[in-house]
Amino acid sequence: MNGFSTYAANVATAIRTSLMDRTNFILNSFGMVLNDVFFLVLWYMFFAGFRQVGGWGLHDVALLLGLVMVVVGISGVFFGGYRDMAATILRGEIDALLTQPKSVLARLLARESIATAWGDLAMGVWMLFTFAALSWSDLPLVVLGLVCGTTVYVSSAVVYASLAFRFAGARSFARDLTDFMLLFSSYPGSIYSGATKIAAYTLIPAGFVVLAPVAFLRAPSVSTLAIMIGSAVLYAAIAAFLFHLGLGRYRRGLVPTG
Amino acid sequence: MPSTMPIARAEPALFGAVAAAASALGLGIRRNLANWPIMMGRALFYLVAMLVLSALWDKVAAQRLPGTLAHLLPAGGLTLYIGVTEWIALSVAAIHLRLEDDIRFGMLEPHLLRPKSYLVQKLAEAMGDSLGRLIGIGAAAVLALVLSGRAAPSPIAFVYVAVLGIFGTAVGVLLMTLVGLSAFWVRRVLPPYLIMQKALFLLGGLFAPISLYPGWFYHAAIVTPFAATLFVAGDQALAPSLAAFGRGLAAQLVWIVLLSGLIALVWRAGLRKVLREGV
Amino acid sequence: MAAVRVENLRKTYRYARRKPGLSGLFASEVRHIEAVGGISFAIAERERVAIIGPNGAGKSTTLKMLSGILEPSGGAAEVLGFVPWKQRRALAYGIGVVFGQRSQLWTELPARDSFALLRRIYDVDLDTFRRRQASLVERFGLGDLLDQPVQRLSLGQRMRCEIVASLLHGPALLFLDEPTIGLDITAKAAIRDFIREHAGAEGQTVVLTSHDTRDIELVCDRVIVINEGRIVVDQPTDQLRRLFLGHRLVTLRSAAPRLDIDLPGVKRRASEPHLSVFEVDTGVSRVDVVVQAALALGGIEDITIEDPPMEEVVRAIYDANSAR
């Protein structure tokens, strides 16, 4: 519990910081809402013209996008440090954290809260309520899906950032990979096949960020539940392992920083 | 040999201006090369985006659902079209950010102290940067096309696409210049940028040709500079035709002239403001 | 012919400020700040002039008006025969500007590329350019640095490149805005030496703003002090000391740990053991009398007689001014 309350305190500070510049905050969060509305309009036009793709209709894509936006929203607000973690590592900024008694990874995740994520969060919640064809009884399932999805998303981001312990090019590459993950996650899973599908369920795990939760919500069963929870646990474990492996390298002075 | 009066220049002023612009263009290209990790990231993003979008449209085209617009889609799907529009969209250099930095942080001053126009130079640099991107991403695009085993467009289509792609990128750069110049009056260029970007995606047909839109919408979109940026080049990848190429090129040239004029006016107004009130 | 001629130059900035309270939503009052309040001076060719003053005194504003990037609210000025804000482009060929705190070079590329572009911007013909670049590069020791990206250079190295960049088109007039700020002693010395020698050889006029009084001492022969938008002092450098601080410093190194000289107008300054510093008011006592008194004490190993540092002079001017 002590770890949790420390984390909560860190995040609270980060959120306060992001709220400090009011104009900037409103600009960023509202801008993201408009951004998301735009893409919704595009999807609406798409389905008006083509009705469905691979068995996915407007309501299914709405569910998908709603989940993605809430996942990105929660990740950005409460674990916002994920976005620039590679750059933080390469700038040598974790030196200060290493001398402190708490978990480095937790501190890194809690150090920043992204303003635009509030826009995603608001938009995503609205989408889930209005367009995703869900009922109130689905609520606990949705929450479970979101927890798992967020776990996979943040864990993957940590894995990408851990590349920074290996090479300096990771600064922009980690960010790129996170963007790719988002890209993959924003399209109906039915379109992926072959090698792309494999990639979407392993390296760029869009499959487990949203597709597994969507499958679970549309057809809840033991197997879909198991896949969802199992993938979340697996990715979290991989992330923790790789991060601490990299941290060991850092402690041994093998990571060029500055 | 003290020189108290400015040196008499041997060449006429126009030659000097063009030479300076050409030099700036070269500098833009070289700067692009110097930042090659970012270029690689951009090319990779292009490939990933193409992977996802082509999967989407292939599926749609393959389904051929009755009562939908699927019958309007070419047999090969929209991959070639989107390949061109994404290529252009990713190649438009972020001149609006450079302008915002220079204008808001007082970095215009060194440029105002020089005898050549800051704006012409910045535009030339941005075009150089864009050319570098066009080549880099273009190479990735051709490679992906070859590896995917899809039917390639005819050679003449390549030529049309290349020409309209370059001029389309130029139109895009001019649009972003207008966004950047708004920094003289607004605090952040991000809002106008997002609006311009979304207008480009929607009215320029980034994700789908505007010819698929309902009639009234199509006619509204085709006359915008956004269609001149993306659509006219992408269209050639689907159905190359000399007539459409000619029309597209003419539209692009018209927009280049109009936007340049508008930019000149906006710049002059902004400059007046800075000279009067300081940066 | 005067390189710079300024007559009653004025600049008032206008800015809108929201009224406090609810009415602030609808009305704003326009405030005026007089940055420069009517200054006049002339600078002859080949002169080296320092413009100094506290922060916000109007130095940068003056420099901006003289270089053409700011329009005055009133008054007239002529630089190299041009009206700066009206003939900015024509004037640009004849002036070189160095900003201490802003880079004019393209940072991701080697300095060489920036220089090449500047040649095009200033329409310098290739031979003249090559010759000048070679001589400047040698003078500043930039040889290997030219091909490294500018952002990888140290601050001192970058400043040297900036100065070379401002000289490639052979300007007749140099504006240097805080050119030595943030540099280490060696770099400062290199730049000061260069300005003194090169500018002299090329017959360039130099106008320098700085907070570093050594810049003034070592480089300029004339000082203009601006405070609150007005010229307070306009004197040759050596006269400045004599006018504003009528005293000299006598430093004595002695066998005895402490010396005392009891003469009118002689004040003891903070000293170290065996090293005594005395401030002599030359209006009251003569320096040779003080020296004789010191020698009479015996055990004197070394004597230094010097002017007080320029910093004190400048501080005295500021203090005298604000006391008014």
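In this predicted model, helix α2 (residues 36–63) of chain B packs against helix α6 (residues 118–148) of chain B at an angle of about 40°, with their axes 9 Å apart. Helices (H or I, at least four residues) and strands (E, at least two) are DSSP runs numbered from the N terminus. Axes are lines fitted to C-alpha atoms over the stretch in contact, and angles run from 0 to 180 degrees between N-to-C directions. α2(B) is therefore oblique to α6(B) (under 35 degrees is roughly parallel, over 145 roughly antiparallel, 65 to 115 roughly perpendicular, the rest oblique). On the α2(B) side, the contact (C-beta atoms, placed from the backbone, within 7 Å) is made by B:Met39, B:Arg42, B:Ala43, B:Tyr46, B:Leu47 and B:Met50. α6(B) contributes B:Arg133, B:Gly136, B:Ile137, B:Ala140, B:Ala141 and B:Ala144.

Most residues other than glycine have a negative phi. Phi of A:Ala133 is positive, near 55°. A:Ala133 lies in the loop between α7 (116–130) and α8 (139–162) of chain A. C:Leu80 also has a positive phi, of about 50°. Its place is the loop between β4 (74–79) and α2 (88–92) of chain C. C:Leu80 is buried, because 23 other C-beta atoms lie within 10 Å. A:Ala133 is partly exposed, with 15. The cut-offs are 20 or more for buried, 12 or fewer for exposed, and in between for partly exposed, with C-beta atoms placed from the backbone.

Residues are numbered from 1 along each chain as its sequence is written, and chains are lettered from A and ligands numbered from 1 in the order written. In this predicted model, local features need pLDDT of at least 70, side-chain atom pairs count only at pLDDT 80 or more, and totals for chains, interfaces and linings use all residues.

Conventions:
Two residues are in contact if their C-beta atoms, placed from the backbone, lie within 7 Å.
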